Protein chains: 4
Amino acid sequence: MTIKVAVAGYGVIGQRLADGVALQKDMELIGVADVAPTLAVRALKEKGMPYKLFSATADGKAKLEAAGIPVSGGFEDLVGQVDIVLDSSPGGIGAANKEIYKKLGKKAVFQGGEKNSVADVFFHGYANYEKGLGADFLKLTSCNTTGLIRTVDHLDRAVGIEKVAITIIRRVADPGDYHRGLTNALQVDKAPSHQAEDLMTVMPHVEATGILVHTPVTHGHIITVLATPKKDISIDETIALFKKHPRVRVVSLAEGFLGNASLFRYARDLGNPRGDMYEVALWTDTVVKSGRDIMYAINIPQESVTIPETIDAIRAALKTQPDRESATAATNSYLGLGKWL
Amino acid sequence: MTIKVAVAGYGVIGQRLADGVALQKDMELIGVADVAPTLAVRALKEKGMPYKLFSATADGKAKLEAAGIPVSGGFEDLVGQVDIVLDSSPGGIGAANKEIYKKLGKKAVFQGGEKNSVADVFFHGYANYEKGLGADFLKLTSCNTTGLIRTVDHLDRAVGIEKVAITIIRRVADPGDYHRGLTNALQVDKAPSHQAEDLMTVMPHVEATGILVHTPVTHGHIITVLATPKKDISIDETIALFKKHPRVRVVSLAEGFLGNASLFRYARDLGNPRGDMYEVALWTDTVVKSGRDIMYAINIPQESVTIPETIDAIRAALKTQPDRESATAATNSYLGLGKWL
Amino acid sequence: MTIKVAVAGYGVIGQRLADGVALQKDMELIGVADVAPTLAVRALKEKGMPYKLFSATADGKAKLEAAGIPVSGGFEDLVGQVDIVLDSSPGGIGAANKEIYKKLGKKAVFQGGEKNSVADVFFHGYANYEKGLGADFLKLTSCNTTGLIRTVDHLDRAVGIEKVAITIIRRVADPGDYHRGLTNALQVDKAPSHQAEDLMTVMPHVEATGILVHTPVTHGHIITVLATPKKDISIDETIALFKKHPRVRVVSLAEGFLGNASLFRYARDLGNPRGDMYEVALWTDTVVKSGRDIMYAINIPQESVTIPETIDAIRAALKTQPDRESATAATNSYLGLGKWL
Amino acid sequence: MTIKVAVAGYGVIGQRLADGVALQKDMELIGVADVAPTLAVRALKEKGMPYKLFSATADGKAKLEAAGIPVSGGFEDLVGQVDIVLDSSPGGIGAANKEIYKKLGKKAVFQGGEKNSVADVFFHGYANYEKGLGADFLKLTSCNTTGLIRTVDHLDRAVGIEKVAITIIRRVADPGDYHRGLTNALQVDKAPSHQAEDLMTVMPHVEATGILVHTPVTHGHIITVLATPKKDISIDETIALFKKHPRVRVVSLAEGFLGNASLFRYARDLGNPRGDMYEVALWTDTVVKSGRDIMYAINIPQESVTIPETIDAIRAALKTQPDRESATAATNSYLGLGKWL
């Protein structure tokens, strides 16, 4: 049976969700919804409408058609046809959309911009897949938290993790953003960062804190993680462990991966659509120890990192796979994750 | 008959030349050459070696193979098999390579980083195609000059251009560059800029001057052009004229194209490989007049803009098309240029 | 007789106006007004309140005092004591304040953020001083226009200028700004730029057009100017001419002035308060000709460039000097302008 | 008795050392030395030569005089007149200069760019003043390490520190730098960072590790510190403790200190020469705990932060004060450090 999926909000995340779902052989993308002829929507049209577009609001149809964009119907027309909606609307809109999903008896997965209360489960494909089984409303962890948990959960299952302290060196805008930005300035956030708190929500047996600093770049966050393991683990063992994770790419300075921008360039040169990368990168050069504590740095490709776990969430909500191993394996296979291993 | 092509130097330009040649139905890419396991070469391997790689230097083979990269032979092995080499080696190396091309009796097209004296013709597909017919050694205009001449030549053929004054707001690095960069600074160059002088070399009947300022961005240069036409032309006529050029995309702020980064985002969303764009963009919002003078601003996607004219140069050198119209039409057709018209 | 002056709005411009007025031996700074304990106001306090602070709004007093800032009274208390107010409030507030100035019978000089209609004269100390003589309400040209007109007016008085075409490479934020910024992007504005139009308002015999592009830097705009003179003037004569202007600093790449950031560093090393520079810089390396047209590039220190012309405006409004020569000479002398000549 | 001091290398650090020494009532700045008419040297001349300039190399004199800079003699002429040299030459030159200091029997303090082996003591005014007493050759900790140790040493003396893990978010260039820079990229360094290792050299009883990431900004590094204390200390106690340190400024987001650029703006508005700040800033908003561990973020003003500890080093080398309390108190008093307390 094919799962019918809609994407609400065809922006930075929504476009990538649509493309990711389209690659799943057991899923069918019925359509996407948006409200205005944004550049993303104009590109959809220039490509010949590979996905049907629905108007997410009553007045959206007129605006879209005025720009020459074909519209296949209204939002409820789209939602009515699917099993589940991936809601990547701007923060707060998802909560409003939820009323429509409830009315039409549909499941939904929300992105990190919504409040936790919008969902029954705060979800991560690797860390708590089973909690999402059969759930009606799930919320994905945010981009940083999703990537961070991949590595902490992986360590935790191997040696047990007691606590983590993180520093998030955050990209302040996406490539092409003109509505936000920072020029020659670092900006400090109130600590602890929500990512540390979110990690504790998903992995309640781990204590976490952290500080976030915004930096004027667009190609990926870098997080440093200090993790206190229960059992001692060497630097080499740590690297070997991370090399087995299909959503973590282990890289080195010697190969030419000097920072977040190298990873973006590499993804472009790989021919990945939009130069995207689903995997986080981890630098072998950054893995150090202090006593038993392990410290390392990872790169978070903010535009695309949550796509795999969001697709895992579809699998959990519709119970297509009974456990994390089989669900993530299916997602990884269709997305080509870990094929470099 | 299929033209056999090699690419020397598989860097930012070389990768795009290889991809562009591979799209030409009347050409065959025999292979590419490089000297070390750069990220571009590593990506080629991870993609399964869609192009054969040759070692551009004697000691390159060992370095490449030590990194697990399959090497198909030495530089002369590659050059010996082809009709023409596209040389996108770092500046100065092309002049050294030329001795090999001469020895083996092969034609070559050099990029803007080489000195003009390396070539018989300083070439632009639209402005002086006929000068390149049958030439052995051609040098492409640099990225800014290539895009600039597209627009000035187009105006010139319509209304005659007496003189131009340009201001180049130059991107200082490509995405992923770590060997050059500028942080919170504009940098002034000695005037007149070489692009103004190069324009006069290719279009000797036009007087040109200009100033170049480097800016800390990576997604495309912006050039403002003040052109003095022989015949008066209105703003609307100017815009209409540019809309007919298959290598110029006419855009507007209202559509959401706010600057160079919007164009990069749009190219990514279009699904263009690497988020590249072969065409320059011209903003309708910037077309203004002062007396008879016309002023406008264009965007130059520095990584990919010279690819079409370089392929035109192959056509000229090998006389596959007798004139600019038929040659550029063939290149445009295979690269999909102007399909938005 | 000493002119009594108030400054309304103690922000980036207001602080510098206050310091500039304090240096004029024939003026007395009675106080400054602001609405909240900003960093600028906190610095004023940490310095020991060299200027008296007044609350610009009714509820400002409580907020200021809650932060431990001494407040000397309300806005009308301040305005009532002075001959003229320099209004550097955020755009739009000046128009509201004007009602108070009229009620109390006081003159005022507004900054470029206000609409032209707020004032009787759109003023520039060098270009139209005489128009401001005795005026009640004057508005200064904006930072870019102020610096631009210095050079165009100077050329115009020497050889006559028919028309100019400008490209403004605009800094997008000031050092320390967190409320605006751009990250890795150039942004295009609707042309013609207001600076070209403003130049024509102040110098109605010159035709002007131009394009403005925002860049992600903080230390000064760079403007390229193409000017068509009535009489031919050589490059050397042009440079010699600019060297005589006390508000223009003629610099070169060879001296180490590579761009806008070099000028900021130099001003810091000079010991100028805040690293400010009142003068625009003009690079000899950028002066080129195309036919009779002269092209050159100047740097605009956006935070401080309007201070001298604003002080000139006080002189005009209160008729302390009868003409531009004597007025600007007084201002220059107290501010140390041209002492490097 | 007045200590006679020379500064070798009148660059970013050297200028500030000279100014700092000039403020010490018990010291006399005899002169500074440099090799070429840099902007710093040109500014010195424009200011009227407040400090005598000596040529640091044999051929420097001609170059300086050709630029109109008055030269008071050669390097040995300067060194011969003083008790101690502050060597802020580019990395590696200090080691060569040391031979001259030894020949002339003079003491010297080197900056962080030299190798540790150049000096007898790796020095920090607060952490190991007594080790420097009477030493001939001292090397200052680098800018990041200097600021970091201020806070760790302060905590250590209060509650004992077992270990620290740091993340350094490093500014990649100084304002005005054109010879280095990064554009839209974060760059990862090989871990552990030298700052963690240097901390262990100066404070051998503390275990330290850390990761450094370069960011494209110019106004100060930000370091996050995770410190494991021996005795538990609350967040409020930690903040209260830091408020007592005269070289640490405790700030908050609510006051308007949003990041490194706010601090630079504030220092400019305070009227500090060059907008410099000797003190590190610590954000109350970032102080968090995880178990007993304390985490916090500090700002390092890279251009000026080492000046106080370098002056402390003069005091140690010449034994003008017997202990850290009296030495740092003298330095702080002359530099105005802690006057905001």
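This is a predicted model: local features need pLDDT of at least 70, side-chain atom pairs count only at pLDDT 80 or more; totals for chains, interfaces and linings use all residues.
Through which surface do the copies, chain C and chain B, meet?

Residues are numbered from 1 along each chain as its sequence is written, and chains are lettered from A and ligands numbered from 1 in the order in which they are written. The model scores ipTM 0.97 and pTM 0.98. For chain A the average pLDDT, the predictor's confidence in each residue from 0 to 100, is 97, and 100% of the residues score at least 70.

Now the interface. In chain C, 39 residues are in contact with 40 residues of chain B; contact means that the C-beta atoms of two residues, placed from the backbone, lie within 7 Å. On the chain C side, strand 10 (207-215) is among the elements that supply at least two residues, and strand 10 of chain C gives the most, with six residues. Helices (H or I, at least four residues) and strands (E, at least two) are DSSP runs, numbered from the N terminus. By class, this side of chain C has 21 nonpolar, 13 polar and five charged residues. Here Ala, Val, Leu, Ile, Met, Phe, Trp, Tyr, Cys and Pro count as nonpolar, Asp, Glu, Lys and Arg as charged, and the others, Gly among them, as polar.

Back to the opening question. Of the interface residues of chain C, 100% are also interface residues in chain B, so the copies meet through the same surface. A rotation of 180° with 0.0 Å of shift along its axis superposes chain C on chain B, with RMSD 0.0 Å. That is the relation of a two-fold axis. The superposition is by least squares on the C-alpha atoms of residues with pLDDT of at least 70 in both copies.

Next, one helix. Which residues of helix 7 (residues 194-202) of chain C are buried? They are C:Q195, C:A196, C:D198, C:L199 and C:V202. They cover an arc of only 160° around the axis, which puts them on the same side of helix 7 of chain C. Buried means that 20 or more other C-beta atoms lie within 10 Å of the residue's own, and the arc is that of the directions from the helix axis to the C-beta atoms. The buried residues of helix 7 of chain C pack against strand 6 (121-123), helix 6 (143-159), strand 8 and strand 10 of chain C.

Key. A residue is buried if 20 or more other C-beta atoms lie within 10 Å of its own, exposed if 12 or fewer, and partly exposed in between; C-beta atoms are placed from the backbone.
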